[in-house]
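Open the model in a viewer and follow the stops below in order. Each stop says what to select and what is there.

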Amino acid sequence: MDTRILFVCLGNICRSPTAEGIFRKVVTDARMQDRIFIDSAGTGGWHIGKSPDARAVSAAKARGYDLSSLRARQVAAADFEEFDFILAMDHANLSDLQSMKPDHYQGHLGLFLDFAEHSRHREVPDPYYGGAAGFDLVLDLIEDASAGLLRQLQQRHRA
Ligand code: 4NP
């Protein structure tokens, strides 16, 4: 069984592409890349077609993640037909997604950091208007939640 996961933030140029890149590496390292499909999108449409923010690309590269080939897209109604997990970076993203969600959606719509095991943060803070430390915090939080999400998916695939 394939599991399809969509990470969502506001612009799809900082947090959700970082989540896509990190989670893809975590899944590949666990040799589960043929069973888990990963994508990301933004609730807003300002950056459609753009590469991730250069600050996000370089912060990720310093930890061994390659975001350079990713391109921004906006969340679409069809995503609720295709993804088993739709994981929001903050409460504003989640509330936008909840208002798009069709009644028949059977998947998991929630905050990505609900899967984090070592942090009390509930949201991945938007780093766009801040400094470099914001991008490092984004990486820390996403690495934590990615490990937790992988563990849950491994249990699901074993079941
Ligand atoms: P992201 O960051 O949601 O993590 O991709 C942002 C990127 C762009 C904007 C806001 C947040 N913006 O307002 O253009």
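How many disulfides does the structure hold? In this predicted model, the number of disulfides is 0.

**Stop 1: the cysteines.** Select C9 and C14 and show their sulfur atoms. For the sulfur of C9, the closest cysteine sulfur is that of C14, at 7.0 Å, which is too far for a bond. A disulfide would need the two sulfur atoms within 2.5 Å. Now colour by accessibility. C9 counts as buried because its relative accessibility is 2%. C14, at 6%, also counts as buried, the limit being under 20%.

**Stop 2: the ligand shell.** Select the ligand and the residues around it. C9 and C14 are both in this shell, together with L10, G11, N12, I13, R15, H47, D126, Y128 and Y129. Sorted by class, the shell has 6 nonpolar residues, 3 polar ones and 2 charged ones.

Stop 3: Which residues have polar atoms facing an oxygen atom of the ligand? Show distances from the ligand oxygens. A polar backbone atom of I13 is 3.0 Å from a ligand oxygen, and one of C14 is 2.9 Å from a ligand oxygen. At R15 the side chain takes part: an N or O atom there is 2.8 Å from an oxygen atom of the ligand. On its own the ligand has 360 Å² of accessible area, and the protein covers 92% of that.

Stop 4: The space that the ligand takes is the largest pocket.

Methods:
Residues are numbered from 1 along each chain as its sequence is written. This is a predicted model: local features need pLDDT of at least 70, side-chain atom pairs count only at pLDDT 80 or more; totals for chains, interfaces and linings use all residues. Side-chain values use heavy atoms; hydrogens and water are left out. A residue is near a molecule or strand if one of its heavy atoms lies within 4 Å of it. A polar contact is a pair of N or O atoms within 3.5 Å; within protein, one must be able to donate a hydrogen and the other to accept it, and residues adjacent in sequence count only if both atoms are side-chain atoms. Accessible areas come from the Shrake-Rupley method with a 1.4 Å probe; for residues, only the protein chains shown count as cover. On a 1 Å grid over the protein atoms alone, a cavity is a set of points where a 1.4 Å probe fits but cannot get out, and a pocket is an open set with protein on both sides within 12 Å along at least five of seven lines; lining residues have an atom within 4 Å of a point. A molecule sits in a cavity or pocket if more than half of its atoms lie within 2 Å of its grid points. Ala, Val, Leu, Ile, Met, Phe, Trp, Tyr, Cys and Pro count as nonpolar, Asp, Glu, Lys and Arg as charged, and the others, Gly among them, as polar. Buried means under 20% relative accessible area, exposed over 50%, partly exposed in between (1.4 Å probe, protein chains only).
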